[in-house]
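Try each one yourself before you read the solution.

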Amino acid sequence: MRKALALTLMCMAAGLIFTIASAMAAQRTVYLTFDDGPLPGTETILKVLTDEAVPATLFMVGSHAELTPERGALVAKAKSLPLVTVGNHSYSHANNHYRHFYSNTDQVLEDLARADKVLGLKGPPIYARLPGRDVFRLPEVSRNDVAIRSDEEDREMVSFEFVSAYGYYLYGWDHEWVHYNDGKPVQSVTSLVSEIDHLFGYGRLVKKNKLVLLMHDQMFQDVFQGDSNLRTLIRLLRQRGYAFGDIKTYDDD
């Protein structure tokens with residue numbers, strides 16, 4: 001009798017711990033975001049997202065979409081998928097000269113508008129990520145790029161505010177799956193997942209229990225086992241109880 005009671009209590013305690021852990025994990029949401037497409041790797045991303053039924057945002061570059069008809073078709077395919085949001089990542093990607101780009105607010109707005117036209121994006125809002133800058137401008141969230149100097153931030157702030165005022169919702173990121181110049185991922189999938197666990201554990205996020213993960217389309221080429229890497233990432237996060245969020249709901253409480 002006592003043994004049975006003890007076993008029952010142990011099971012109840014274990015069940016309670018499991019329930020609490022599951023509830024905590026369920027409150028933790030990862031937002032998958034991919035930059036710089038359409039590029040080699042974009043088609044793989046779209047296939048995996050469809051197969052795994054996971055929401056994600058592809059922040060695309062207008063000039064990349066115009067390179068070939070095939071690239072343009074990838075934009076159309078992404079926009080046709082119900083769980084995929086296509087966002088604006090500029091037309092020129094600032095030609096990778098960010099300080100010069102953000103010193104001219106009119107230039108920034110014209111560049112974004114040109115990308116809207118190429119990508120077929122209409123708002124407001126238009127979901128966007130500024131090239132080279134980890135900046136948030138949302139109704140309930142405003143954060144500047146902590147990696148740039150304060151004097152540079154002061155010069156660029158005008159551009160950030162005007163872009164926001166023109167109806168763009170700007171998303172930065174909490175963590176990045178880093179890649180080498182050729183696109184090869186730096187971290188292994190398991191290392192990345194461990195990093196994500198630690199970020200949630202320490203609460204080092206822009207919004208509590210919400211992590212925006214930055215990746216780049218070129219990382220998911222076949223030569224880098226892109227299909228396998230992305231599927232493994234999604235499945236490992238699922239096994240840990242993480243949810244995947246639609247970027248449109250990121251700012252919701």
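**Exercise 1.** How many aromatic pairs does a search of the whole structure find?

*Solution.* Keep in mind that this is a predicted model. Searching the whole structure turns up 11 aromatic pairs.

**Exercise 2.** Work out which kind of pair the rings of Phe 59 and Tyr 171 form.

*Solution.* Start with what you need to know: a pair of aromatic rings is described by the distance of the centres and the angle of the planes. Here the centres of Phe 59 and Tyr 171 are 6.4 Å apart. Rings pair if their centres lie within 6.5 Å, and planes under 30 degrees apart count as stacked, over 60 as edge-to-face and the rest as tilted. The planes of Phe 59 and Tyr 171 are at 35°, so this pair is tilted.

Now place the two rings in the chain. Phe 59 sits in strand S2 (residues 56-60), while Tyr 171 is in the loop between strand S7 (168-170) and strand S8 (175-176), so to speak a link between distant parts, 112 residues apart. Both Phe 59 and Tyr 171 are buried. They also belong to a cluster linked by ring pairs, which includes Tyr 31, Tyr 127 and Phe 136.

**Exercise 3.** Is Val 135 buried or exposed?

*Solution.* First find Val 135: look in the loop between strand S4 (126-128) and strand S5 (136-137). Its relative accessible area is 1%. Buried means under 20%, so Val 135 is buried. Next, check its surroundings: among the residues Val 135 touches are Phe 160, Tyr 171 and Gly 172. Gly 172 is 37 residues away in sequence, yet the C-alpha to C-alpha distance from Val 135 is 4.7 Å.

**Exercise 4.** Which residues have the most contacts inside the largest nonpolar core?

*Solution.* This core has 56 residues, and those with the most contacts inside it include Val 30, Leu 49 and Met 215. Helix H8 (residues 189-202) supplies the largest share, 6 residues. Apart from this core lies another, of 12 residues, with Tyr 127 and Trp 173 among them. Back at Met 215, its contacts include Leu 32, Trp 177 and Leu 233.

Conventions. Residues are numbered from 1 along each chain as its sequence is written. This is a predicted model: local features need pLDDT of at least 70, side-chain atom pairs count only at pLDDT 80 or more; totals for chains, interfaces and linings use all residues. Side-chain values use heavy atoms; hydrogens and water are left out. Helices (H or I, at least four residues) and strands (E, at least two) are DSSP runs, numbered from the N terminus. Buried means under 20% relative accessible area, exposed over 50%, partly exposed in between (1.4 Å probe, protein chains only). Contact means heavy atoms within 4.5 Å. A nonpolar core is a set of buried Ala, Val, Leu, Ile, Met, Phe, Trp, Tyr and Cys residues joined through side-chain atoms within 4.5 Å. Rings of Phe, Tyr and Trp (its six-membered ring) pair if their centres lie within 6.5 Å; planes under 30 degrees apart count as stacked, over 60 as edge-to-face and the rest as tilted. Lists of a residue's contacts leave out its neighbours within four places in sequence.
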